[in-house]
Amino acid sequence: MNDMDMPNPHSTSGFIMRASTLIACPESAHYQSREVLKEVEDAARALLKMQHTDGTIDLLETNFHSTPDTAFLLENIIPAYKFLKQANSNGSETAIELLKTFLTKAGDALSVGGIHTPNHRWVVSAALTKLNEVFPDPRYTKRIDQWLSEHIDLDPDGQFNEKSTNTYSPIVDRSLIIMARGLKKPELYEPVRKNLMMTLYYVHPNGEVVTEASNRQDKGTIGTMARYYYCYRYMALLDKNGEMAAICRLIEKTCPSEQLAGYLDYFLEDPALWNELPASKPLPTSYAKAFPYSGVVRIRRTNWDTTLLSNNASWLTFHKGNAVLQGMRVAASFFGKGQFQTEKIEQQGDTWVMQKSLDSPYYQPISADKIDPEGDWDKMPRTDRQLSEVQKLDTTVKVKEATNGLQIAIDITGTEGVPVAFELIFRAGGTLAGVIKHPKKDNAYLLSGESGSYTVGSDTINFGPGKAEHKGVQLRGALPAMDTPTVYLTGFTPFHHILNLS
């Protein structure tokens with residue numbers, strides 16, 4: 001069952017994997033258990049009922065007759081099949097045959113089926129690689145070659161197309177490792193190396209990973225490095241890489257053990273993963289580094305770090321241990337389109353600069369020859385109208401390092417008297433001080449004094465000075481407020497303010 005109590009192939013395949021591991025592992029209390037084996041048989045029959053005649057399964061949340069989701073399932077079912085065969089348990093023949101039926105039908109689907117997203121190509125190809133090891137078939141390798149002919153979607157920064165650090169980047173790394181091993185294509189290790197080395201610069205001081213640049217559903221989520229564990233461990237052992245070994249040890253220290261237990265099948269399939277890691281080398285913990293293809297600038301100084309983001313309304317985050325400013329935004333009530341975000345981040349000396357210019361005109365009467373006889377406004381062009389009273393708004397944000405933190409300077413000029421709201425959006429769970437509760441908005445606070453603070457445990461972010469010229473914190477055209485403690489600085493254009501974070 002999923003969390004909505006719907007029978008589904010994904011949770012069913014997960015059960016089959018876990019149960020088959022228990023049956024096959026001599027250290028397990030359920031080693032060669034007939035009772036657990038019977039449950040595997042029942043689950044395999046249920047899985048076959050969920051499989052369509054074309055070999056695919058459904059992801060009930062969104063995808064139907066889905067080749068990619070069938071491939072994701074094989075990450076569970078192929079090892080389960082292998083474990084049951086290796087266990088040589090009495091009576092396991094029925095379960096083995098049921099899983100074989102599912103796998104061969106799935107192979108038919110994966111050999112011809114399509115995909116939605118870039119990572120799906122490599123998930124499908126990895127599943128076909130593992131399937132080909134168990135049931136060799138030239139259709140499988142032919143299909144893999146078709147997907148590989150599109151080339152790996154790695155940019156010069158070392159990031160994959162989806163930039164999905166909390167979900168799909170580790171999946172792509174894992175898939176490419178499987179393909180490199182199974183197909184004897186060592187060149188496929190190279191994009192994995194580049195992505196894993198780049199990701200070392202995406203690690204927060206508390207072991208979380210930067211997610212704000214993702215263009216998938218994990219954007220802005222709280223993510224650990226656990227999903228990368230297998231990839232870093234495999235490559236650390238392969239390359240004798242001390243930095244990758246160090247990140248493995250950091251993951252072991254900062255991530256719950258249950259998150260890492262999900263890779264038990266990989267360790268059982270590949271005993272080399274149990275080998276001792278090479279000696280650790282220092283991880284990058286003090287740097288200022290731009291990733292222009294991802295639209296990201298990362299600055300870290302030991303116990304604090306910041307992420308600057310282009311094409312993102314939340315254009316800055318600031319982490320100090322477990323105290324987290326998860327977003328900084330600024331908006332003006334400028335014709336319903338005054339939410340600031342920048343297309344690029346430019347470095348000017350020791351300063352990172354973000355800019356955006358807006359204008360909004362009024363329209364003069366349309367020429368007589370273009371007036372619709374029925375007076376239908378939508379049929380009369382705006383582009384041909386004469387413009388007048390053109391209003392402008394120019395926003396510049398400059399960020400530079402200061403003592404133990406950052407200095408953020410915001411300048412908004414052009415049309416005068418436009419209300420502005422500058423947001424500091426904190427992750428829930430801490431305590432604010434030095435701020436005033438907004439009289440009408442939940443989770444909203446104003447900073448009018450010289451400084452405020454946000455504390456989580458022993459970690460504190462200090463910010464200021466404040467500015468509170470009005471109480472308009474939800475301006476027309478601005479994004480809705482986040483459901484988390486948010487401090488506002490407010491004013492009118494021309495708006496000039498320097499905020500310090502530490």
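**The second largest cavity**

Guide: Around the second largest cavity, the lining residues split into seven nonpolar, three polar and one charged. Here Ala, Val, Leu, Ile, Met, Phe, Trp, Tyr, Cys and Pro count as nonpolar, Asp, Glu, Lys and Arg as charged, and the others, Gly among them, as polar. Keep in mind that this is a predicted model, where local features need pLDDT of at least 70, side-chain atom pairs count only at pLDDT 80 or more, and totals for chains, interfaces and linings use all residues. Residues are numbered from 1 along each chain as its sequence is written, and side-chain values use heavy atoms, without hydrogens or water.

A cavity, by the way, is a set of points on a 1 Å grid over the protein atoms alone where a 1.4 Å probe fits but cannot get out, and lining residues have an atom within 4 Å of a point. This one holds about 60 Å³ of space, counted as what probe spheres set on the points fill, with points joined across faces, edges and corners.

Who's around it? V330, A331, A332, G338, Q339, F340, K356, L358, L393, T395 and I412 form the lining. Strands β9 (323–332), β11 (351–363) and β12 (387–402) each supply at least two of the lining residues; strands are DSSP runs of E, at least two residues, numbered from the N terminus. The biggest giver is β9, with three residues.

The structure has two cavities of 30 Å³ or more.

Definitions and conventions. 1 Å grid on protein atoms, 1.4 Å probe; cavity = no way out; pocket = protein on both sides within 12 Å on 5 of 7 lines; lining within 4 Å. Helix = DSSP H or I, 4+ residues; strand = E, 2+ residues; numbered from the N terminus.
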